[in-house]
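User: I would like to go through this structure in some detail, with the cut-offs stated as we proceed. Could you take my questions one at a time?

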Amino acid sequence: MNYHWNFGIFLEQVKSGDETYLDWLITGLGWTLAVSLTAWLLALCIGIAVGALRTTPSRLLALLATAWVELFRNIPLLVQMFLWFFVVPEFLPRDWSLWVKQDMPAKEFVTAALCLGFFTSARVAEQVRAGVGSLPRGQRDASLALGFTLPQTYRHVILPQALRIVIPPLTSEFMNVFKNSSVAFAIGVLELTFQARQMQEDSEQGIETYLAVTLLYFICAFAANRGMAWIEAKSRVPGLIARTG
Amino acid sequence: MIKIQNVSKWYGHTQVLKDCGTHVAKGEVVVVCGPSGSGKSTLIKCVNGLEPFTQGTITVDGISVGDPKTDLPKLRARVGMVFQHFELFPHMSVVQNLALAQVKVLGRSPDEAAARGIALLDRVGLRAHASKFPGQLSGGQQQRVAIARALAMDPICLLFDEPTSALDPEMIGEVLDVMVELAQEGMTMMVVTHEMGFARKVAKRVVFMDHGEIVEDAPVAQFFEAPASERAKTFLARILHH
Amino acid sequence: MIKIQNVSKWYGHTQVLKDCGTHVAKGEVVVVCGPSGSGKSTLIKCVNGLEPFTQGTITVDGISVGDPKTDLPKLRARVGMVFQHFELFPHMSVVQNLALAQVKVLGRSPDEAAARGIALLDRVGLRAHASKFPGQLSGGQQQRVAIARALAMDPICLLFDEPTSALDPEMIGEVLDVMVELAQEGMTMMVVTHEMGFARKVAKRVVFMDHGEIVEDAPVAQFFEAPASERAKTFLARILHH
Amino acid sequence: QETGTLKKVKDNGSITLGIRESSYPLSYLDDKQQPVGYHIDVCNRIVDAVKAQLKLPALKLQHQAVTSQNRIPLVANGTVDLECGSTTNNEARQKQVAFAPTTFVTNVRMAVKKASGITGLAQLGGKPVATTTGTTSVQLMRAHEKGKGIDFKEVYGKDHADAFLMLETDRAVAFVMDDNLLAGLIVSSKSPADYAIVGEVLNVEPIAIMLRRDDPAFKKLVDAAVIGLMKSGELDKLYTRWFLSPIPPKNVSMNFPMSEQLKKLIKAPSDAPAESFNKK
Amino acid sequence: MGEFDFSVWGPSLPFIRDGLLFTLRLTLVAMTGGIVIGTLLALARLSPIVPLARIAGAYVDLMRSIPLVLVILWFFLVIPFLTGAPVGAETSAIITFTAFEAAFYCEIMRSGIQSVPRGQVNAAFALGLGQAQTMIHVILPQAVRNMLPVLLTQTIVLFQDTSLVYAIGAKDMLKAADVVGKNYNRPVEMIVLSALIYFAICFSLSLAVKQLQKRVAIVR
Ligand SMILES: Nc1ncnc2c1ncn2[C@@H]1O[C@H](COP(=O)(O)OP(=O)(O)OP(=O)(O)O)[C@@H](O)[C@H]1O
Ligand SMILES: Nc1ncnc2c1ncn2[C@@H]1O[C@H](COP(=O)(O)OP(=O)(O)OP(=O)(O)O)[C@@H](O)[C@H]1O
Ligand SMILES: [Mg+2]
Ligand SMILES: [Mg+2]
């Protein structure tokens with residue numbers, strides 16, 4: 001291969017500054033974690049609510065929840081990211097628009113986290129809905145028959161069970177959040193992919209750069225996987241055989 | 001106690017309850033039977049408003065179930081129900097199953113609720129299993145816990161929907177024993193079941209349904225010795241055959 | 001026909017079959033019963049090699065099931081089996097269910113297989129349902145199809161694992177009727193069931209299992225009138241109680 | 001007997017050019033989404049030379065779009081034989097690849113909206129400044145003597161068009177980039193008259209066509225072809241065609257006269273990297 | 001940017017169409033290949049041969065832990081070294097997507113296979129069917145039916161993910177829209193157009209999935 005390898009590159013100084021390339025990657029990892037975790041938290045809250053609403057008897061609420069899901073899961077994330085960043089502010093009143101575009105603190109981060117959160121919430125909602133749907137209808141009846149209201153039924157009976165069931169698919173989604181956060185570079189969040197581009201342009205050691213970044217993403221996804229496995233083990237109910245799949 | 005008058009119900013275009021009427025007096029046990037799909041579960045679920053019905057009225061202790069102004073959760077808290085598949089909450093221990101609704105619905109203190117729960121577990125012979133999870137119990141044990149859970153709310157009457165038909169034959173007895181005892185203590189009960197031995201022993205009347213209709217509503221002895229309708233006769237022959 | 005000798009089986013450290021031995025002669029019906037978890041299903045599945053066993057020998061028509069050299073698919077094709085939950089193939093019509101193994105295993109032509117299938121459907125009274133899917137049939141009908149499917153392979157003997165315990169009470173009769181008929185025609189059968197009426201009517205012997213052991217293996221009359229073991233007595237009391 | 005790239009080209013019967021999709025006017029896609037531009041034309045001349053040397057008039061010409069992320073590995077792994085984009089020739093890259101003699105010189109400057117009245121780095125304090133992800137313009141601003149001590153708020157577009165969009169939509173007051181790219185973006189913008197390229201030259205960069213390293217035969221052929229264009233005056237014509245005449249897609253001219261540095265380089269062709277250039 | 005100018009949509013249509021054709025072709029090929037390979041992987045993962053199951057498992061976990069855009073890049077850079085000859089961006093995209101999606105389809109098929117009750121295997125064996133016959137005639141048909149909605153939902157995800165081929169310069173729909181947006185300096189309008197097209201296609205697909213689900217669902 002006609003390639004000049006240099007794995008020592010990470011400890012070298014960047015061309016214009018007193019940091020090393022490793023510092024860049026660590027900054028990037030920090031932003032990747034920040035965007036992903038914020039988005040995941042948002043996605044869980046919205047996703048659980050929306051997913052649960054889709055299973056309620058209220059036609060109107062179910063319809064609104066369905067609209068939310070269909071809207072956010074049927075457009076590629078990259079395109080959504082761009083829409084949120086460039087298009088949505090144009091519809092705000094001029095003063096707000098300028099504030100959002102120039103003065104809003106951490107605007108790239110906020111936009112990316114919101115966008116990724118909404119996108120993921122649609123998928124979480126689908127999983128939660130499936131989880132609720134897979135519970136025997138008798139559980140709902142039993143809870144109502146004890147005098148619980150519908151919200152109480154969801155809070156104490158349906159959701160605790162449904163969430164346990166959907167931990168495996170949610171694990172995938174959690175891993176996806178880290179991977180998908182790489183799209184945030186498109187609007188200028190200083191996360192891993194961004195730093196990788198900058199580093200490879202600055203250092204010209206593209207392959208080493210991407211190897212390192214791939215490894216870091218892998219570690220994030222793997223950690224997410226282990227974390228969810230830990231939660232799954234913690235929340236396992238004695239005597240209840242885990243459903244596979 | 002329970003009054004069902006002219007109740008009809010449609011699912012889309014199919015009518016699953018046709019002008020049903022019957023009643024259960026205080027302290028009475030009424031058994032409902034009939035072929036699969038005849039509407040027994042639907043009828044009994046209408047009694048505590050788990051299924052809405054299209055026509056007719058049902059009152060429980062004088063309160064109209066179908067009335068939109070009725071506080072259904074409050075009514076249901078006073079009517080106990082036991083299901084074919086137990087429907088214990090699998091993510092909670094047995095005693096939590098018993099305490100939850102007492103705390104959240106009746107507003108009892110957790111300690112009080114747990115104490116009452118344990119007392120009832122004692123009564124159904126399962127005190128030792130209080131901190132197990134439902135999945136760790138046999139079917140018969142689960143169903144006894146489910147009965148205790150219903151009793152924990154101090155219900156004015158109990159509804160049973162085929163409480164023994166998901167059980168292994170050797171476990172049916174232990175559940176029926178608890179039910180017989182309740183009946184003898186004067187609990188008002190409406191029971192969907194095919195256990196004709198139970199019906200003979202404690203029921204006052206048997207309601208026989210077919211195709212959504214109440215075909216027969218007769219005192220126990222009369223139902224078994226001289227069923228009026230042909231359909232009830234065939235049904236009894238089939239089910240007592242083996 | 002079926003000889004079971006000193007069969008033991010472990011799942012990890014728990015022993016689920018303990019030194020079991022019994023036999024079924026040609027044309028004989030043997031009923032196996034016992035509490036839940038006693039190992040009945042495991043034992044009957046060992047007979048056609050669906051469960052491997054750790055010790056002992058089982059021979060069917062002189063062929064050793066545990067022998068690694070035995071062509072198990074070929075043996076199984078000659079031993080019919082009927083399951084608690086029917087296990088019809090839900091993605092195939094009734095007649096396809098009957099024809100599949102005839103074509104793929106016995107090498108019959110599709111037409112021949114379908115014709116044989118239809119003939120057997122006729123026999124269990126379901127000819128009219130040939131092109132329906134299993135999900136469109138009632139439980140009793142599905143189980144009769146499952147019996148026909150086993151018969152379509154012209155088996156030398158039939159194994160039943162609780163064939164009626166997943167059925168509604170009114171459907172049990174129709175399945176038992178078919179089984180009784182088969183027994184009377186001289187089919188060799190080993191039947192796990194709690195239907196004691198069936199046992200009384202057609203079984204030669206009853207095998208009673210508990211905790212993986214064959215506790216009792218006695219002629220029918222003797223088993224019901226004078227069970228030798230305490231365990232069998234309690235079990236019978238429980239199951240005949242209601 | 002041919003070796004290296006020439007052998008590969010002969011064996012495959014085809015040669016692959018790496019192109020950029022929006023490096024105005026060096027290499028970009030026209031309104032038919034075909035690659036065109038100054039460097040594309042230069043490359044086509046090189047390909048003609050290859051055809052002549054290999055006596056393969058029917059040599060097939062293929063295009064592969066590249067990005068600043070993958071262009072160097074793609075040249076190294078043989079997917080692309082000649083990269084005809086807008087790659088700066090610098091020392092770090094010379095470890096990976098080789099360059100033809102410099103055919104364009106770009107100055108890193110900034111584009112602003114005329115109305116903002118900004119004319120230099122000093123006025124950018126506290127203001128958002130746009131640049132393209134992966135480029136090092138912001139570091140250049142920091143490194144420049146007049147940029148020292150000024151705190152910019154950096155904003156990044158994923159490509160030049162996005163970065164320009166930031167300027168256009170007032171997310172940034174300046175866009176720091178190669179001046180030819182800035183000129184190209186301004187010309188094709190909705191109201192070119194609103195923008196100006198201003199301020200200090202932050203860096204001077206030689207731009208050249210890129211090829212695989214350690215392939216003397218091919219390098220010799222490419223060098224000869226490029227130098228031939230320079231000597232014959234044909235490169236001047238190409239420059240005029242792309243920088244001083246109307247070009248697609250909008251058919252307006254960039255009016256971007258040739259810099260003194262490039263004029264010198266045409267007289268004395270060189271493939272020296274940027275570092276030797278910026279030595280004052 | 002103030003006012004929008006949607007007149008750029010007209011001239012963009014031919015390019016959008018070409019890009020869409022590529023996107024659809026890539027989706028179809030990767031789906032077919034991915035399902036076939038994914039099913040084989042699922043069988044490997046479930047097989048009692050431990051090393052085989054491990055290897056398949058490791059492959060799936062690796063693919064699921066790396067962002068697709070990096071996988072695309074890696075394949076593009078690495079395949080030439082494996083095969084000795086460069087492959088075009090399109091071929092590379094097809095290989096990459098098939099290999100990547102196979103990992104996801106594998107997981108879907110695996111849970112599909114596991115969703116078939118154990119009793120079905122027993123019933124098939126009891127009739128004398130062999131391992132392979134049981135798989136082909138009894139398990140897989142049910143697994144596919146059970147998982148059809150999820151398989152198709154994954155395909156919709158795949159359809160959206162094809163936009164990531166920008167990383168290797170292949171020209172899909174989003175790329176085509178992007179280039180038009182740059183040429184006419186109307187990037188926002190073109191992004192809006194592609195959002196609408198993606199939405200229209202994905203939404204109709206997901207409606208179709210729901211219909212299909214009702215039709216093929218196994219009556220139990
Ligand atoms: N959600 C529903 N939508 C449409 N039809 C329904 C629905 N639920 C029940 N039915 C129909 O209503 C009828 C009565 O059902 P129900 O469950 O009350 O019968 P059942 O007598 O309890 O039968 P089983 O003995 O099987 O429990 C049946 O024909 C059933 O198919
Ligand atoms: N795959 C397995 N792994 C571990 N233990 C098992 C497994 N399958 C069955 N067992 C155990 O083997 C014992 C016998 O099970 P088996 O299903 O044969 O009982 P059974 O008599 O048929 O009960 P039932 O009446 O409930 O069908 C049980 O204690 C069961 O828990
Ligand atoms: Mg019912
Ligand atoms: Mg069993």
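Predicted model: local features only at pLDDT ≥ 70, side-chain atom pairs only at ≥ 80, totals over all residues.

Analyst: Residues are numbered from 1 along each chain as its sequence is written, chains are lettered from A and ligands numbered from 1 in the order in which they are written, and side-chain values use heavy atoms, with hydrogens and water left out.

User: What area is buried between chain A and chain E?

Analyst: Contact here means heavy atoms within 4.5 Å, and it draws 34 residues from chain A and 36 residues from chain E. Buried area is the accessible area (1.4 Å probe) that two parts lose on being put together, summed over both. Carbon and sulfur atoms give 72% of it, and the area for chain A and chain E is about 3000 Å².

User: Which residue of chain E forms a salt bridge with Glu70(A)?

Analyst: A salt bridge is taken as a side-chain nitrogen of Lys or Arg within 4 Å of a carboxyl oxygen of Asp or Glu, and across the interface of chain A and chain E the rule finds one. The closest N and O atoms are 3.1 Å apart, and the partner of Glu70(A) is Lys210(E).

User: Which element gives the most to the side of chain A that touches chain E?

Analyst: Helices (H or I, at least four residues) and strands (E, at least two) are DSSP runs, numbered from the N terminus. Elements giving two or more residues to this side include α2 (59-73), α8 (167-180) and α10 (206-234) of chain A. With eight residues, the element that gives the most is α10(A).

User: How far is an oxygen atom of ligand 1 from an N or O atom in the side chain of Ser36(B)?

Analyst: The residues around ligand 1, counted as near if a heavy atom lies within 4 Å, include Tyr11(B), Ser36(B), Gly37(B) and Lys40(B). A backbone N or O atom of Gly37(B) lies 2.8 Å from an oxygen atom of ligand 1. For the side chain of Ser36(B), the distance to an oxygen atom of ligand 1 is 2.8 Å.

Definitions and conventions. Polar contact = N/O pair within 3.5 Å; in protein donor to acceptor, adjacent residues only side chain to side chain.
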